[in-house]
Amino acid sequence: MRVVGVVTVARSDYGIYYPLLSAIKKDPDLRLHLIVSGMHLSPEFGLTVKDIEADGFPIGDRVEMLLSSDTPEGIAKSMGLAAIGYAQSFSRFRPDILVLLGDRFEMHAAAVAALPFKIPLAHIHGGESTEGLIDEAIRHSITKFSHLHFASTQIYGDRIMRMGEEPWRVVVSGAPSLDFLQGFKALSRSELETQLGLKFTKPTILVTYHPVTLEHEDTEIHIRELIAALEKFDCTVVFTYPNADTSGRQVIQKIQEVALSHSDWLVFVNLGQKNYFSVMSQADAMVGNSSSGIIEAASFKLPVVNIGNRQRGRVRGKNVIDVAHDRAEIVTGIKKALSPEFRSELRDLANPYGAGGAATRIVQKLKGVSLDFSLICKRFHDYQVQ
């Protein structure tokens, strides 16, 4: 039985992983070794390891690494602690292959620690671009550490090959999170009102805003401009917490503070995947700079006002309205997003990240690839421009 290790560090990657974790768990030829770290183990971010346990996934190991600090020094120290923690974990148990997702610094530390153990790495969502973040460098670095690549679009698969990765290592799988939406039954408005205390008597805006880590010194200005724009609208506003990024606590402090003076503004540390997608299905617009606005929102034909450079460079659908960190631009974007005319333009929208099936494609490759020297020994492939 092949042991597949999977590193999960936050609610964001766990929601994307969920269909894959289920597929690995059900496959008789594979055994799941789930390594839980980062924000999952932090009470400040909702202690979401409890959600993993409630979903019935066995936890193979826990790696504590996150300092209670969002300064550059704190983040760098957390990266160092993470590398130590993962090294200790791999020393205790070495999976046959290790799956990493995306571009978080917690994931990068796992890639660094796995290298001396000669653990083959399989990377999901490589080849993408988020130009406003340190994640841009982290993602491409993990690509060069990795031995298998599961790209969410053909554009990203081609980019991975242009980085020197051999074509046989690259699978255009689509985005795994979209598997969850196949047959997904969203909670109704009345169920959300009962469960979350929401009221849909006004237009509802879902806000997920993270610090732009290459511009973290301006986080206070950015969140102030966003709040000022939202206050121009008589809407129900649903905030979700940001990730544990540099200056993230400034965002948390501000949204908690303003929610106290707005009876119809609510803040959630962690909505959970089903609640989050259900709110997306019922919301009138989404505002912020989350990847969920780029990848999953299109499946709901949800208008998205994407602020600033955090998601700059990513493939996006026509539901996305790009604006700068300026309250006037944000207001204009929200007005457009809430307009019936714009919503009507999205009736035939197809999600550029696919329509599901990624977990099956990923599992087939994880099962079929030979775990021999040809996998672990990487050769630079000179990409031929067509």
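Start by selecting Asp-322 and Arg-316: their side chains meet in a salt bridge, 2.6 Å from N to O. A salt bridge here is a side-chain nitrogen of Lys or Arg within 4 Å of a carboxyl oxygen of Asp or Glu. Asp-322 is partly exposed, with a relative accessible area of 45%. Arg-316 is also partly exposed, at 23%. The cut-offs are these: buried means under 20% relative accessible area, exposed means over 50%, and partly exposed lies in between (1.4 Å probe, protein chains only).

Before moving on, note that this is a predicted model, in which local features need pLDDT of at least 70, side-chain atom pairs count only at pLDDT 80 or more, and totals for chains, interfaces and linings use all residues. Residues are numbered from 1 along each chain as its sequence is written, and side-chain values use heavy atoms, with hydrogens and water left out.

Select Glu-53 and Arg-62 next. They form a salt bridge, and their closest N and O atoms are 2.7 Å apart. Glu-53 is partly exposed, with a relative accessible area of 42%. Arg-62 is partly exposed too, with a value of 42%.

Now go to Arg-104 and Glu-106. Are these two buried or exposed? Both are buried. Their side chains meet in a salt bridge, 3.1 Å from N to O. Together with Arg-104 and Glu-106, they are linked in a network of salt bridges. Side chains of opposite charge can pair when their charged atoms come close. Across the whole structure, a search finds 21 salt bridges.

**The largest pocket**

How much space lies in the largest pocket? The answer is about 870 Å³. Colour the elements that give two or more residues to the lining: α1 (11-26), α7 (177-180), α11 (273-282) and α12 (291-294). Helices are DSSP runs of H or I with at least four residues, strands are runs of E with at least two, and both are numbered from the N terminus. Helix α1 gives the most to the lining, with 7 residues.

Colour the lining by residue type. It divides into 10 nonpolar, 20 polar and 11 charged residues. Ala, Val, Leu, Ile, Met, Phe, Trp, Tyr, Cys and Pro count as nonpolar, Asp, Glu, Lys and Arg as charged, and the others, Gly among them, as polar.

How is a pocket found? On a 1 Å grid over the protein atoms alone, a pocket is an open set of points with protein on both sides within 12 Å along at least five of seven lines, and lining residues have an atom within 4 Å of a point. Grid points are joined across faces, edges and corners, and the volume is the space filled by probe spheres set on the points.

**A nonpolar patch**

Ile-84 sits in helix α3 (residues 72-92).

**Two positive phi values**

Find Lys-118 in the loop between α4 (105-114) and β5 (121-124). Its phi is near 55°, a positive value in a residue other than glycine. Lys-118 is exposed, with a relative accessible area of 59%.

Step on to His-125, in the loop between β5 and α5 (135-145). The phi of His-125 is near 70°, again positive in a residue other than glycine. His-125 is buried, with a relative accessible area of 4%. Most residues other than glycine have a negative phi.

**Distances to draw**

Stay in the loop between β5 and α5 and select Gly-126. Gly-126 is buried, at 1% relative accessible area.

Select Met-65, in the loop between β3 (59-63) and α3. Met-65 is buried, with a relative accessible area of 3%. Its C-alpha is separated by 48 Å from that of Glu-341, 276 residues away along the chain.

End at Ala-151, in strand β6 (residues 148-151). Ala-151 counts as buried, at 0% relative accessibility. Trp-168 is 17 residues from Ala-151 in sequence and 13 Å from it in space, C-alpha to C-alpha.

Notes: 1 Å grid on protein atoms, 1.4 Å probe; cavity = no way out; pocket = protein on both sides within 12 Å on 5 of 7 lines; lining within 4 Å.
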